[in-house]
Structure formats: C-alpha cells, structure tokens
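The exercises below concern one protein model. Work through each task with the sequence and the coordinates open, then compare with the solution.

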Amino acid sequence: MLHQFTPIRTAIILIVTVLGIFLAIPNFFSKETTANWPSFLPHDGMTLGLDLQGGSYLLLQVNRDSITTERLKELRRDARQLLAGQNGIGNIITTEADGIVIELTDPSTKEAARTALQTLQNNIGGTAGIGGTPELEFGEAADGKLTVKLTPNGITERMSALIAQSMEVIRKRVDEVGTTEPIIQRQGQDRVLVQVPGYDNSARLKELISTTARLTFHLVHPTMSAAQAEAQGVPAGYMLVPSAEGDYNELLNENVEFGGENLVNAQPAFDQQTSRSVVSFTLDTRGAIIFADITAKNVGKRFAIVLDNQVITAPTIQGPIPGGSAQITGTFTPQTANDLAVLLRAGALPATLDVVEERSVGASLGADSIRAGVTSGIVAAILVVTFMVIAYGLFGLFADISLVLNILLIIASLSLLGSTLTLPGIAGIVLTIGMAVDANVLIYERIREEMKAGKSILASIDAGFQRAWGTIIDSHLTQLIAAIVLYFLGSGPVQGFAVTLGLGILTSLFTSYTVTLYFVGWWYRLRRPKTLKIQVFRFIPDGTKIPFMKISRFAIIFSILISLGAIGSAFTKGFNLGIDFIGGSAIEVQYAGTGTPDAGVIREALDELGLGEVQVQQFGPASDFLVRIQLQPGGDPEQQAAVKKVTETLATIDYEVRKTEAVSGTVSGELTTKGTIAVLIAMGAILIYVWFRFEWQFALAAITTTAHDVIMTIGLYSFVGLEFNITSIAAVLTLVGLSLNETVVISDRIRENLRKYKKMSLPELIDLSINQTIVRTSLTQFTILLALFPLVFFGGEAIRGFTIAMTFGSIFGMYSSVFIGGPILIYFGLKARSDAPAADAKPTKEKRADGAAV
C-alpha cells in the first residue's frame with residue numbers, strides 16, 4: 001500500500017487539510033476581528049449554543065382546543081349571518097364540543113338551509129382551490145336538527161397552516177426586542193422552537209412570544225348588563241367577556257366591528273391629563289373610515305377594546321373620532337405599555353401557543369461552561385498526545401498529528417454545516433480525542449503481529465493497515481449507528497453531542513488511516529529502516545496465556561448477581577429523575593451575599609410559598625444550588641407563577657438565578673418514550689449489523705454484552721442517585737457503541753482464528769483470541785479513559801452525571817467484552833466452519849506461506 005500512495009492521494013490529503021484549516025480559522029478569533037477580513041476568507045465559525053453563551057430557549061405548541069373554540073365561534077357567527085341575514089331563515093344555534101347544532105324555526109326551510117350551509121365548506125391545504133382536506137362535515141341529528149362539525153383532519157391541517165403564520169409573527173416580535181441572530185424553527189406539525197442568544201429574560205420573552213395579541217373592537221349591549229345576562233341568559237348574538245381590570249364581565253356583541261389587522265402603528269405613551277401609561281394606535285385608511293363611522297353612529301354607547309378575550313377598556317363614545325388615531329387605556333406600567341405596543345405592531349398570533357419547554361441560561365454561567373469545556377478538552381488532548389508518544393514513540397507522534405487534524409476537521413465541518421456547539425457537543429469532541437487514536441492503536445498492534453509472523457517491514461506495514469481496516473470500519477460503524485439514532489430521537493444539546501460525535505467518527509476514519517499511512521510511508525521512504533520498533537511502552541506483555549474461559553465462569557456469575565442488584569435497585573430505590581422526564585422546573589442559583597451559603601436557609605424561605613415539594617441540593621461549588629419545583633396544578637401559567645415566586649424570594653436572601661429550565665408533562669412523557677425507543681432501536685440496528693458482518697452467534701453475544709453494560713450503567717444512576725435526564729440517554733447510547741468497539745475487535749479475531757485453527761477446541765481458540773487482542777483492547781480503552789477523566793473533573797457540573805456514567809460504562813464495557821462477550825459464544829453454539837481448511841491446532845508452530853498474522 002505504501003508504494004501505491006500516488007500524488008493524487010497526497011493532493012487529496014493536502015487539499016482536505018488546507019480546507020479544514022481555512023474553515024476552522026474563524027473559530028479562533030472574535031467576530032469583530034473576522035468582520036474586517038477580506039471577502040474571500042470565511043467570516044463565520046460555529047454558533048455557540050445557549051448553554052455556552054447564555055440566552056433563552058422556548059418550545060411552543062399550538063393549542064388545539066383554542067383553535068377549535070375560535071373556529072366554532074366563527075362558524076356559529078357565519079352560519080347565523082348566512083341563514084338569517086342573507087336567506088331570511090330563522091334559526092337557533094347551539095355550540096357543542098366539535099361543531100354547531102342548528103334548530104330551524106320553520107321546518108319547511110330545511111333543504112334551503114342545508115344548501116346554504118354547504119357554502120361554508122372550506123378545503124385546507126389545497127393549491128389554488130384544488131384538493132386539500134375538507135374542514136366541515138354536514139349532517140342531521142336524530143331529532144331533525146342540522147349539524148355542522150369540524151373534521152379532525154381539518155383541525156390538524158389548520159394547525160399546520162397556522163404554524164407558518166405564527167413563525168412570521170414571532171420573528172417580528174423577537175426582532176422588536178432588539179436581539180440578534182434568533183433561531184426560529186418549525187418542529188413537527190404543531191410546534192415552534194425559538195432560541196434567542198444573549199437574552200436571558202425568558203419570562204418576558206415568553207410573554208411577548210406566546211401572547212396571542214388578538215385585538216378586536218365590539219359594541220357593548222346598550223340596555224342589558226352582564227349581570228342580567230348571567231341571570232336571565234345571554235341573548236342571541238352576544239357573548240360574555242371577562243374584564244382585565246376586575247372580577248366582572250362585559251356583555252358584548254359577537255360581531256367584530258374591526259380588528260387589529262387595521263392597525264398600522266402602535267406606540268407607548270402617557271395620558272396628558274392623568275400621566276398614566278397608555279398605548280396610542282393609528283389605523284389604516286379603511287380602519288379609520290370604519291372607526292369614524294362606528295363612533296358617529298353610536299354616540300353615547302360603550303365601545304369595548306378586547307385583547308385576547310379580555311376587555312381592556314370599554315369607554316363611552318362621546319362623539320365621532322375621525323383621523324384613525326386613538327388610545328388604549330388600562331392599568332399599564334411603562335413596561336407593559338411598551339410590550340403591548342410591540343405585540344400590536346408585530347400583529348396577532350393566529351393561534352394560542354402554549355410553552356411546553358423553557359430554558360434560560362445567564363451569560364456568566366455560559367462563560368463558565370465554555371471555560372470548563374475548553375479546559376477539559378485541553379487536558380484530554382495533552383494526556384492522549386503524551387501517552388501516544390510514550391507508548392509508540394515516533395509512530396505515536398504520527399498518530400498525534402492525525403489527531404490534531406481530526407479536531408480541526410470536526411471544527412471545520414461544524415462551521416461549514418452551521419451547526420450549534422453545545423456543552424455536550426464539546427464533550428463529544430473531547431470523547432472523539434480518545435476514540436480517534438483507537439484506530440492507530442489497532443493498526444500499530446497489527447503491524448507488530450505481522451512482523452512477529454516473519455514478514456518484512458514493508459509487508460508488515462502494508463498488511464497492518466490493510467487487515468486492521470475491516471475491524472476499524474466495524475467498530476466505527478457501530479458507534480456511528482448510535483450517534484445517528486441519538487440525533488434523530490434526541491433534542492437540543494443532545495443533538496449537538498450526536499453531531500460532533502458522528503462527525504468525529506467520520507473524520508477519524510480519514511485521519512487515522514489515510515493521514516497516518518501517509519506519514520508512515522513518508523518516513524519509510526526517507527529512512528529505509530532495517531529494523532522496526534513500534535511500541536515503546538506497554539501495559540501487558542506479549543504472549544499472555546490468561547485462562548479467560550475459566551475466569552469467565554465466575555465473571556458470568558458475578559455479572560448475573562450484580563445485574564440483578566442493578567435491576568432490583570431500579571425497582572426498589574428508583575431513579576433521581578430530572579425534569580426532562582417528570583416535568584416541572586429547575587432553577588440554578590448562586591449565592592451573591594457576604595455570608596455562608598446554606599441550603600437550609602433556601603428551604604426555609606421556599607417552604608412558606610406553598611408550592612408542594614421543593615428540592616434544594618448543592619450543585620458543584622459550595623455557592624451554587626439547584627432548586628427543583630414539582631409540576632403545579634393549573635398548567636403552565638401556575639408553573640411560571642411558581643418560578644417567579646421562587647426567584648423573587650431567592651433574591652431577597654442574596655441568591656441570583658443563573659439558569660432556569662421548565663418542562664411540561666407533555667414533553668417529559670414524550671422524552672421518556674423517545675429515550676426508551678432510542679436505546680431499543682440502537683441495539684436492534686447494531687444487532688442487525690453485527691449479524692450481517694459476522695454470524696448470528698456473534699450478534700447475540702454482542703447484544704448480550706451491550707445489554708449487560710446498559711443495565712450496569714442504569715443501575716449506577718439508581719444506586720448512586722445521579723440525576724437521570726436526557727443527557728443520560730445520550731450516555732447510554734454512546735456506551736452502546738463504545739461497548740461494541742472492544743467486542744467487535746475480539747469477535748473479528750475469533751472469526752479469523754476459526755478459519756485458521758480448525759482442530760483447536762473452541763475454549764482454547766477463544767482464550768487464544770482474547771490473549772492476542774488484550775494488548776490493543778487495553779490500550780484503546782485507556783485512551784478513551786484519558787479523554788473521559790478530564791471531563792469528569794473539569795467538564796462542569798452540568799454534564800458530570802453524563803461523564804461519570806460514561807467512564808463507569810467504558811470500564812464495564814471492556815470487562816464484559818473480555819470476560820463475557822467471547823466466552824458466551826460457546827453457550828450460543830458457535831462452531832468452526834465446515835469449509836475451513838485444516839490447520840495445526842498449535843498456533844506457536846503455525847507456518848503459512850502468506851505470512852498471515854495471528
């Protein structure tokens with residue numbers, strides 16, 4: 001292979017390297033610096049996630065009930081106007097949960113009414129009036145009354161259409177706040193994701209975004225009061241609407257005289273007579289004409305301004321108001337008046353949006369996260385680079401050069417794709433540092449074995465790279481499967497981890513093989529060595545004869561017992577579930593006073609709020625605490641009110657909020673389901689892949705060892721009490737790939753020896769295979785641990801549970817691969833291939849013409 005390293009391959013490596021450096025450079029300079037660069041240079045690097053730069057994250061969901069309610073109001077109003085107003089058909093209309101029921105005063109007009117109602121049909125989702133989903137379903141009740149119902153598919157299509165409109169309104173509102181680079185994305189049919197970097201006041205942002213701001217103007221009933229209507233019944237064509245200023249209702253005409261769509265401007269102002277905050281608005285030409293006409297015809301009557309189904313004010317019309325300008329008065333503060341003006345300028349949301357997930361991170365916490373991530377990355381890189389030089393000398397230096405290029409390519413890929421770098425994403429890069437040199441260890445150890453088999457230096461290097469390639473592909477693809485599943489079934493920062501991990505796996509295939517081969521070939525052509533010493537330091541000597549099959553009997557019994565203990569702990573003790581899975585709110589606070597921070601003081605202050613169970617625990621440094629609030633009855637409004645009470649109370653005892661998270665019961669249930677499905681899909685996909693690449697016995701053994709490692713890791717969460725959240729699923733899925741890494745290496749050697757030593761008993765062959773690979777598996781596992789330990793100690797409290805679980809699972813992954821994965825093949829009925837050529841059962845005396853390695 002060395003002699004096949006053509007100038008084209010050299011050019012490819014050079015182009016990829018230069019392009020990687022070119023795209024990665026902006027990430028090492030500030031935006032102010034890159035803004036002044038020449039136009040041919042890249043200016044944009046990776047986008048930092050909210051957990052690194054601070055900001056707010058909201059996941060909004062269209063409220064299906066509100067859409068149904070509003071549509072039924074419109075349908076009732078349109079049906080009454082159509083029948084009585086246009087066709088003179090008397091009717092009494094009542095509203096049900098999913099439609100309206102029409103009772104005709106003259107039964108002989110039924111067919112005319114039925115024909116007229118058919119014109120209300122509306123197809124949603126079609127193009128130019130063609131196709132689409134029918135929104136209405138017409139029928140007749142048993143008592144002869146006509147019915148018009150909303151179809152479920154029609155409501156779903158309407159929700160989907162309203163999402164696009166909502167996104168535009170949200171974008172206008174966020175732009176009004178003055179923030180930069182907001183991310184507004186559609187998720188599924190009924191959700192909108194909003195991320196606003198650098199804006200950590202999530203409460204105000206949520207109020208601005210989720211408030212519908214539907215402004216309508218209605219005439220108040222001229223003679224009947226709301227109290228009379230409540231006692232005697234609401235007259236046809238009118239409705240009771242609550243007042244925003246007190247505990248009373250107003251009786252308003254259902255007809256909308258005109259709406260907020262006629263507004264062209266709205267600004268906060270002060271009333272010159274009372275000096276109170278008001279909102280001044282200006283109407284367009286059509287709205288001004290309608291407004292002047294209404295005020296002229298209804299002098300002496302009350303005219304209500306309704307915002308989101310609440311009467312803001314209902315003044316008496318003193319005289320005609322021409323010009324299209326007026327004021328909205330109410331109990332406004334300068335801030336609320338300004339917010340209302342922003343909402344009115346941006347336009348009304350076409351549907352009510354519920355906040356189902358909310359996260360906000362302060363800028364100081366984001367800076368701490370960056371510092372923690374960079375520190376852990378630098379320490380991990382130094383440890384891995386140093387170890388490779390100690391272990392392999394010059395060849396270790398070649399691997400380190402490939403590793404540096406690998407990291408640059410990951411950063412360049414993230415920049416090119418416009419990906420967002422999160423704290424778990426940094427953890428993914430750091431983990432890649434340990435995983436990237438695994439392939440080099442496999443190659444170098446294979447070269448050593450080829451030389452021991454009697455091959456020349458050139459032939460050994462060629463065979464080492466070529467024969468290790470299959471194992472490298474298998475181990476990397478199993479990890480890539482886990483990363484892909486994690487990306488599609490994960491969310492937020494977890495997807496960031498999946499992206500960096502997946503990119504790291506792909507780039508390491510290029511750097512650890514092609515780039516390292518280039519440097520080794522360059523060195524060989526330059527030096528033409530007579531002897532070759534690749535490894536300088538090793539944990540385990542060559543030629544070990546450890547009786548793994550005998551030890552495995554005790555190991556399997558031990559694993560069964562400890563697995564039962566882990567499962568028992570999960571059922572009896574349970575898990576310290578994070579709000580990702582149980583819903584609620586979590587508030588990270590830091591003591592800013594001069595005394596001694598005390599969790600007891602926090603608990604005592606919060607117990608008086610009457611919010612149910614409130615948990616307080618130290619979180620990282622002695623000055624930091626995590627406060628958890630259970631889901632409050634009454635939904636999101638009550639939950640947010642509880643968070644506000646907690647933050648205000650904590651401020652009085654000198655604790656400042658650094659981060660808030662709120663997850664609704666809907667999202668927590670979805671995350672639980674998706675997490676379980678993700679683990680099962682990943683294990684199923686890997687089972688199929690290993691089955692395809694090896695035999696079915698190997699696939700079952702691989703899944704057995706993987707399931708063992710998953711159970712051990714999940715048991716750790718239960719036994720130790722680590723918080724089990726969405727990043728824990730990421731840890732478990734990553735372990736699925738890492739666990740199989742060692743299993744695949746051993747399985748590959750067992751399969752090779754099955755072809756080679758037909759007469760050898762299976763227990764001896766498995767012992768031989770594990771002893772032959774124990775050096776490389778121990779080294780690859782050690783490099784991964786070198787990357788994980790800095791994450792545990794320097795990565796920060798936010799991902800500590802994740803990294804501890806990864807470290808624990810990695811250690812158990814090697815244990816299960818060596819002591820369980822190989823030996824358990826016997827119990828699955830593995831046998832030598834019948835078509836394999838006969839060979840000597842004693843490997844130490846094996847001689848083959850092609851010099852194949854053991």
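**Exercise 1.** How many residues apart in helix 4 are R71 and E74? Describe the pair.

Solution. This is a predicted model, in which local features need pLDDT of at least 70, side-chain atom pairs count only at pLDDT 80 or more, and totals for chains, interfaces and linings use all residues. Residues are numbered from 1 along each chain as its sequence is written, and side-chain values use heavy atoms, with hydrogens and water left out.

Step 1: R71 and E74 are three residues apart in helix 4, so about one helical turn separates them. Helices (H or I, at least four residues) and strands (E, at least two) are DSSP runs, numbered from the N terminus.

Step 2: their side chains form a salt bridge with an N to O distance of 3.5 Å. The term requires a side-chain nitrogen of Lys or Arg within 4 Å of a carboxyl oxygen of Asp or Glu.

Step 3: R71 is buried at 9% relative accessible area, while E74 is partly exposed at 28%. Buried means under 20% relative accessible area, exposed over 50%, and partly exposed in between (1.4 Å probe, protein chains only).

**Exercise 2.** At what angle do the axes of helix 4 and helix 5 cross? Characterise the contact.

Solution. Step 1: the axes of helix 4 (residues 64-87) and helix 5 (residues 110-118) come within 10 Å and cross at roughly 125°. Axes are lines fitted to C-alpha atoms, for helices over the stretch in contact, and angles run from 0 to 180 degrees between N-to-C directions.

Step 1: helix 4 is therefore oblique to helix 5. Angles under 35 degrees count as roughly parallel, over 145 as roughly antiparallel, 65 to 115 as roughly perpendicular, and the rest as oblique.

Step 2: helix 4 contributes A79, L82, L83 and N87 to the contact, and helix 5 contributes A113, A116 and L117. Contact means heavy atoms within 4.5 Å.

Step 3: the contact residues comprise six nonpolar, one polar and no charged. Ala, Val, Leu, Ile, Met, Phe, Trp, Tyr, Cys and Pro count as nonpolar, Asp, Glu, Lys and Arg as charged, and the others, Gly among them, as polar.

**Exercise 3.** Which parts does the salt bridge between R158 and E135 tie together?

Solution. Step 1: the closest N and O atoms of R158 and E135 are 2.8 Å apart.

Step 1: R158 belongs to helix 6 (residues 152-177) and E135 to the loop between strand 6 (133-134) and strand 7 (136-140), so the pair joins parts 23 residues apart in sequence.

Step 2: E135 is buried, with a relative accessible area of 2%.

**Exercise 4.** Which residues are linked with E450 in a network of salt bridges?

Solution. Step 1: E450 and R446 form a salt bridge at 3.5 Å, N to O. They are four residues apart in helix 13 (residues 423-452), about one helical turn.

Step 1: E450 is buried at 0% relative accessible area, and R446 is buried at 3%.

Step 2: the network links R446, E449, E450, K455, R749 and E752. A search of the whole structure finds 23 salt bridges.
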